[in-house]
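This report goes through several parts of one protein structure. Keep the sequence and the 3D view at hand while reading.

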Amino acid sequence: MKTLTISNVFTILSLFCCFTILTDLAEAAENKKPNVVLILVDDMGWMDLSCQGSDYYKTPHIDKLAAEGMRFTDAYAACSVCSPTRAAVMTGRLPGRIGVTDWIRARFQRGDIGTPEANPTEYVGGKKQKLLCPPNPYWLEHEEITVAELLQHEGYKTCHIGKWHLGDPDWYPLSQGFDINIGGCDLGQPPSYFDPYSHPRYSFEESFKPRKKDEFLTHREGDEAKQFIRANKENSFFLSYCPYAVHTPIQAIDEVAAKYRKEGKKEIQAKYAALVESVDDAVGMIVDELQSQKLLDNTLIIFTSDNGGLKGPTDNTPLRSGKGYAYEGGIRVPFIARWPGVVPAGTVSHEPIMSIDLLPTICEAVGVSVPDDRAIDGVSLLPLFKNESHQLEDDRVLTWHFPHYRHAPGPYSIIRDGDWKLIQWYEGKKELYNLADDLSESKDLSSEHQEQLVKLEQKLARELKQQGAKLPKLNPEYDPPTK
C-alpha cells in the first residue's frame, strides 16, 4: 500500500478545485441569460430575400435563419420611413404616441438651425398646402425608455452598430442605453459604402475611422459585430446590428454586382442586389461568430427591416408601391426569428405583427419587465414563437400615422383590422382594401362597403385619440392653385 504524500494531496486538491471550477463554469453557462441579436436592415423590401420568394436576390445566410426559425408573412414596420420605426423598435411605442412620425433631419440638413434647445412644437406648412402638419422632432427624447436601457439595467452588455438616426450627439446610442456605439449618429445614410466613407458635405470620421481603403461598409459593420461578440462571450449581451445597407447611395463591389448584371437587370438593380448580398454576408459573419464562440443556441436572433423597399432599385411586387407610401409595399417587411428550443425550425406565421412588438418580446425572452409607468403598444411574440398557429389579442388592430406631406394625396393614417385595411388621407380621400382577397391593393372597396368603412374610421379615430397623436389641421392661409 502506497503512502499518501504531500505531493499527492496537492495533486488531488488541485484536481478537485479544477473539477469544481469547471462545474461552476458549466452551471454558469447553463444559467446564463440568452443573448439577443437584433438585425434591423435599412430599406429592405418584403421581396428582397430568397426565402420570401425572390428568384433574383441571393441570401443564403438569411434563408438559413428562416429555415432554422420562424418567418412572418404579415410583419410590418411602424412607419413607411425609417426614424419612426427605429423609435418604435427601441421603445415599443407607436410613432403617433411618441411624436416621431417622419424621418429625422440631420444637422447638416437644417441650414443654420443647428441643435435647438428643445424640439419644435409649432405646426408647419406653406400656402400651397391645404393642411398644416405637426412638426417632426430632431431627436428621440431621453424620457423615453429604450430596450437597451432595460437590458443594460439587468447587467447586459449593450452595443449598437450602424444606423441610429434618432437625434443629435446628445441623443446618440450612448445616452440611450448602449455601452458601445459604432457608427450610430444623426445621419440617415452613409456618405459612401467604401472606406474612407467620405462625402463633400458630411463624413463618418467620428463613427467609422478609415481602416482599409475601399473596405465595404456592410462588411466593416459585420466585422465590428464579430469583435463585440468575441469580446463579450462571457457576458449576456444585446447587439443591435443596424447596417446602413440597403439605403442609398446605391453602391456595390463591382465583381458582386457583375453576377446580377448578367441577368439583364438595370445597373441600379444589379448594384442594389449586391447591397442585399452584402447584408447577407454580414449576417453570415455574425452567425458564424456566435457558432464559433458556442453561443448560437443561447441567442435569440431577430431579423427585420425599418420600412419597405425603395421603388426603382427594387420591386416589391406583388405588394403595391414602396418606401414612403401608405400601401403594403411601404410598410410590410421581412421578419425572421431564430431561437433553438423556443422557436420551432422551418415554421411560418401569418399573424400580423409590428416593430412595436420587439421591445416586449425581447423583455419577456430575457426575463425583464416592460415599463409600467407608460403605455407600451407592442405585445410579446413569444407565444407565437412557440406556436405559429397562436393568435394574438382578438381585438388587436394595427395603426400607422404619417401626418406629413410626402406624396399625393398628402398626410395619412392607416388601420388594419383583420384582413381589412383603411387608408385615410387627411385631404379627404379614403381607400378600403381586403388584403386576403387583394394583397396588391388593386381594388378600392370604399364605395362598396360603406358600413365597413365607417367602422374602421371610427376605430382609427379612437386609436389615434388614445395615442395622443397630433393630427393635421386646415391651413388658414391656404392659397389653392388656379386651374
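Predicted model: local features only at pLDDT ≥ 70, side-chain atom pairs only at ≥ 80, totals over all residues.

Strand 7 spans residues 237-242, and six of its six residues are buried. In a regular strand, side chains alternate between the two faces of the sheet.

Strand 7 pairs with strand 1 (residues 35-41) in the parallel sense, through four bridges. In this pairing Val36 has Phe238 as its bridge partner. Strand 5 (residues 157-162) is also parallel to strand 7, and six bridges join the two. Here Cys159 stands opposite Leu239.

Four strands form an open sheet in the order 12-13-14-15, with antiparallel pairing. Strand 12 (398-402) and strand 15 (430-434) are at the edges; each has a single partner strand, so one side of each has no neighbour in the sheet. From one strand to the next, the twist averages 10 degrees.

Strand 13 (residues 412-417) and strand 14 (residues 420-425) run antiparallel and are joined by six bridges. One of the pairs is Ile415 with Leu422, the latter in strand 14. Strands of a sheet pair through backbone hydrogen bonds, in either a parallel or an antiparallel way. Helix 12 (residues 450-467) lies across strands 12, 13, 14 and 15, and it runs at about 110 degrees to strand 13.

## Helix 7 against helix 8

How do helix 7 and helix 8 cross, and at what angle? The axes of helix 7 (residues 254-261) and helix 8 (residues 267-292) come within 8 Å and cross at roughly 120 degrees. This makes helix 7 oblique to helix 8. The crossing is right-handed.

Helix 7 contributes Val256, Ala257, Lys259, Tyr260 and Arg261 to the contact, while helix 8 contributes Glu267, Ala270, Lys271, Ala273, Ala274 and Glu277. Sorted by class, the residues in the contact of helix 7 with helix 8 are six nonpolar, five charged and no polar.

## Helix 10

Is helix 10 largely enclosed or largely open? Eight of the nine residues of helix 10 (residues 358-366) are buried, so the helix is largely enclosed by the rest of the structure. The buried residues are Leu358, Leu359, Pro360, Thr361, Ile362, Cys363, Ala365 and Val366. Just after helix 10 comes Gly367, which has a positive phi of about 80 degrees.

## Arg110, a buried residue in a loop

Arg110 is found in the loop between helix 4 (95-98) and strand 4 (131-132). Is Arg110 buried or exposed? The relative accessible area of Arg110 is 7%, and a residue counts as buried under 20%, so Arg110 is buried.

Leaving out residues up to four places away in sequence, Arg110 touches Arg105, Thr115, Pro116, Tyr138 and Asp168. Tyr138 is 28 residues from Arg110 along the chain, and the C-alpha atoms of the two are separated by 9.8 Å.

How values were computed: Residues numbered from 1 in each chain as written. Heavy atoms only, no water. Pairing = 2+ DSSP bridges. Axes fitted to C-alpha atoms, helices over the stretch in contact; angles between N-to-C directions. Contact = heavy atoms within 4.5 Å. Buried < 20%, exposed > 50% of the residue type's maximum accessible area, 1.4 Å probe, protein only. Parallel < 35°, antiparallel > 145°, perpendicular 65-115°, else oblique. Left-handed = near helix turned anticlockwise from the far one by under 90°. Nonpolar A, V, L, I, M, F, W, Y, C, P; charged D, E, K, R; others polar.
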